[in-house]
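Open the structure in a viewer and keep the selection panel at hand. The stops below are given in the order to select them.

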Amino acid sequence: MAHLYIYFVQTWSLGFFFVPVGCAHGDLSYSVQEELKRGSVIGNMAQDLGLDVGTLSARKARVDMERNNKQYCGINVRTGDLTVADRIDREEHCGEKPSCVLKFDLLLENPLELHRWSLQIQDVNDNSPTFSRDFVKLEISESADKGAKYRINAAHDLDIGTNSVQNYILQPNSNFVFRIQTTNDGSKYGELILEKELDREEQREMKLLLTAVDGGSPQRSGTVVIHVVVLDANDNAPVFTQAVYTTSVKEDAGLKTAIITVSASDADEGINGEVTYGFTRLSDKARNMFSLNQKTGEIVVAGEIDYEDATSHEVFLEAKDGYGITSEAKVIININDVNDNAPVITIKSLTDAVAENVPPGTEVGIVHVQDRDSEQNGQVRCSVQQDVPFRLVPSIKNYYSLVTSGQLDRELVSDYNITIGASDEGSPPLSSRKSLHLSVADVNDNPPAFERESYSAYVSENNKAGSALCRVGARDPDRRQNGTVVYSLSAGAQVNGAPASSYVSVDGDTGAVRAACSLDYEDLRSFRVHVVARDKGSPPLSSNVSVSVWIWDVNDNSPQILYPAPEGDSFMTELVPKAADGGSVVSKVIAVDADSGQNARLSYHIVKATDPGLFTIGLHSGEIRTRRDIGQSDSMKQNLMVAVKDNGQPPLSATCSVYLLLSDNLAEVPELKDVSYDEREKNSKVTSYLLVALVSVSTFFLTFMVAVLAGSFCRRRKPRLLLDGAVAVPGAYLPPNYADVDGAGTLRGAYDYDAYLTTGSRTSDFNFVRSYDDDTLPAKSPGDFDDELRDSFDPLEVLRVPPSLHRP
């Protein structure tokens with residue numbers, strides 16, 4: 001990088017301007033005059049360093065001075081101009097040093113970048129020459145020879161170069177002239193030279209005004225009054241043992257600690273040889289630190305000494321004899337550093353909040369550690385004190401980068417109080433700590449988690465639409481939008497071939513699952529849907545859970561009687577032989593219930609009968625049996641009213657009528673025509689039914705004869721049914737969810753019975769065919785029935801419960 005020197009020149013007509021004077025490889029350097037106004041532009045640092053002005057603000061460009069926290073210079077982040085931020089006094093920083101260079105750092109962040117640059121302070125004539133005293137008294141013996149010299153301490157000007165003292169002007173007189181002398185160490189002093197002998201009797205004393213002027217523009221001056229008292233001869237001045245004394249003292253030295261003792265001797269005797277000591281010139285800081293014993297010449301500590309404020313002090317002192325003749329010596333007091341300053345930790349930059357998903361090694365802050373002590377006392381070690389996922393990485397000079405050392409998780413730790421410790425290598429070492437707070441910013445890295453692996457809901461059928469089924473709940477440990485959970489049904493979910501939304505709905509905010517319609521156990525006993533919990537992060541995260549809905553059966557279906565068929569315009573009659581033994585099955589009531597469980601457990605009861613003591617019905621089988629043997633006195637026509645009742649709460653029931661005809665021969669079959677559906681009408685309609693029956697039987701007989709002739713060509717045929725024909729219950733009639741419960745009164749899988757009879761001869765036998773159950777009579781085969789047809793040619797009437805009534 002180019003090393004640029006710029007001189008600041010002041011002119012009366014053109015104001016201020018800068019002059020580049022040279023370039024070399026190294027750090028950037030500027031040169032300006034002291035005492036510039038705040039805001040004065042020193043140079044364009046961005047241009048000189050090749051920095052992008054547009055990034056200075058984002059990179060938090062700033063200027064720090066080495067070993068000093070005061071801001072003397074600043075940078076305009078909009079223009080890149082380096083400006084004066086505070087008063088710069090060359091004498092304050094460099095004293096009488098011929099060269100005054102201040103060291104600065106330009107610090108930029110993201111990425112961390114450090115440019116060292118120096119500022120050379122040019123002296124301006126802002127200090128007037130001053131004498132150590134306003135009044136100097138010289139007692140000169142009248143015996144003094146022409147050319148005698150009397151030392152006058154030179155005026156001191158804090159400025160340097162041409163702005164320092166350049167000339168002295170002595171008030172015109174007839175006895176003395178003034179000249180400047182230079183010592184071996186380069187210091188200057190004045191001599192008052194006697195050009196004409198004094199005559200005490202002519203003039204006992206005189207006052208001469210000595211003016212010191214500098215070479216600045218405008219010129220400044222200072223004066224001292226020299227009071228000359230003419231005495232008797234005293235021609236020897238005190239002489240110091242050394243022109244320059246050098247010593248050292250620790251900065252932690254206590255008050256009245258002896259530093260050094262100077263000594264001067266005077267060859268004169270008596271009062272002319274008595275020497276006293278005093279300071280002639282020392283800075284204000286040194287005046288508060290040191291004191292001098294006027295009689296012994298011992299310099300002791302008088303105040304607090306700070307190595308970090310100044311590493312050395314120069315004091316000037318004089319030795320004066322009894323009559324005021326003096327000589328001067330210089331004492332250089334070097335300050336030895338002690339480890340009295342603990343490291344100072346400064347947080348230069350800190351991220352407001354760090355995202356929890358940042359990778360290890362991410363920079364989150366910049367820490368500056370400084371120890372004002374020197375050498376080992378100023379060597380500092382810095383580290384993070386706790387077991388936290390952060391560490392300090394040395395960067396540039398005394399700067400450290402605070403970086404992540406592990407993976408962060410806001411859900412485990414959302415805030416960190418980080419303690420940074422710094423310790424120097426002094427003896428004993430000093431340390432300091434600095435705490436800082438760092439928040440972890442949330443990232444949507446956690447999907448909602450349901451409280452259960454699955455949910456089950458139970459609801460009775462016939463529920464109202466909108467009734468509550470259950471409530472699902474999911475938690476998301478993220479914050480704000482990332483942790484806000486909304487619920488919905490899984491997209492595309494179906495139940496029973498229909499969209500799931502037609503059966504259930506989910507409250508997006510609360511997770512309440514409600515029925516969208518009235519459910520029917522007989523249509524759907526259970527189903528399952530999936531509920532999705534999704535957060536509002538970007539991108540959103542989700543999870544799902546299954547909700548099983550179980551529908552409870554309600555007794556809302558009455559028993560349905562399949563056999564005997566419901567009454568209509570016709571009726572069916574069971575023929576029972578009079579020879580049937582007690583306990584024989586003569587008929588069966590078959591009923592089903594679309595409900596399930598206890599609601600479908602059926603019981604059968606005879607609620608009304610022509611002869612209550614003749615027949616009984618199985619409580620759960622529905623089989624009608626004879627209680628006893630049939631007697632001759634029993635009425636041929638037996639009517640039973642059977643009630644079928646389920647076991648629900650409250651129970652539902654249905655009734656049917658069973659018509660039984662007690663007969664041992666087929667000659668009595670025509671009497672069937674006297675059986676009516678409604679016994680209340682049997683007296684009023686008997687005659688009509690007899691006439692209709694006679695015509696029907698004649699027609700049926702003729703038709704039957706034709707059929708018999710046609711049947712001779714067939715090996716087998718199906719018989720026609722009596723009155724209404726065969727009683728058949730199609731399988732499609734049964735409810736789709738019908739299931740047989742053994743002993744519950746529903747159809748039994750192996751139950752099938754036929755009854756065959758003929759009409760033609762009163763002496764023909766009645767053949768009662770048992771069911772396939774063990775409790776029924778044995779059945780006749782269709783071939784046997786065909787043989788009977790060929791013998792009798794009588795019309796055939798059949799009463800049959802077909803296999804279609806069997807359990808599916």
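Over the ring of which residue does the charged end of Arg281 sit? Select Arg281 and Phe316: the charged end of Arg281 is over the Phe316 ring, 3.9 Å from its centre. Bear in mind throughout that this is a predicted model.

Next, select Arg151 and Tyr189. Here Arg151 lies over the face of Tyr189, and the distance to the ring centre is 3.8 Å.

Now turn to the aromatic pairs, of which the whole structure has 10. One of them is formed by Phe104 and Trp117, with 4.7 Å centre to centre and 15 degrees between the planes. This pair counts as stacked, because the planes are under 30 degrees apart. Phe104 and Trp117 are both buried.

The last stop is Glu34, in the loop between strand E3 (28-33) and strand E4 (41-44). Is Glu34 buried or exposed? Glu34 is buried, yet has no salt bridge. The nearest side chain of opposite charge belongs to Arg90, 4.5 Å away; a salt bridge would need a side-chain nitrogen within 4 Å of a carboxyl oxygen.

To see the surroundings of Glu34, leave aside neighbours within four places in sequence and show its contacts, among them Ile88, Asp89, Arg90 and Glu91. Ile121, Gln122, Asp123 and Val124 are also in contact with Glu34, as are Asp126 and Asp159.

Methods:
Residues numbered from 1 in each chain as written. Predicted model: local features only at pLDDT ≥ 70, side-chain atom pairs only at ≥ 80, totals over all residues. Heavy atoms only, no water. Helix = DSSP H or I, 4+ residues; strand = E, 2+ residues; numbered from the N terminus. Buried < 20%, exposed > 50% of the residue type's maximum accessible area, 1.4 Å probe, protein only. Lys, Arg positive; Asp, Glu negative; His and termini not counted. Contact = heavy atoms within 4.5 Å. Phe/Tyr/Trp six-rings, centres within 6.5 Å; stacked < 30°, edge-to-face > 60°. Lys NZ or Arg CZ within 6 Å of the ring centre and 35° of its normal.
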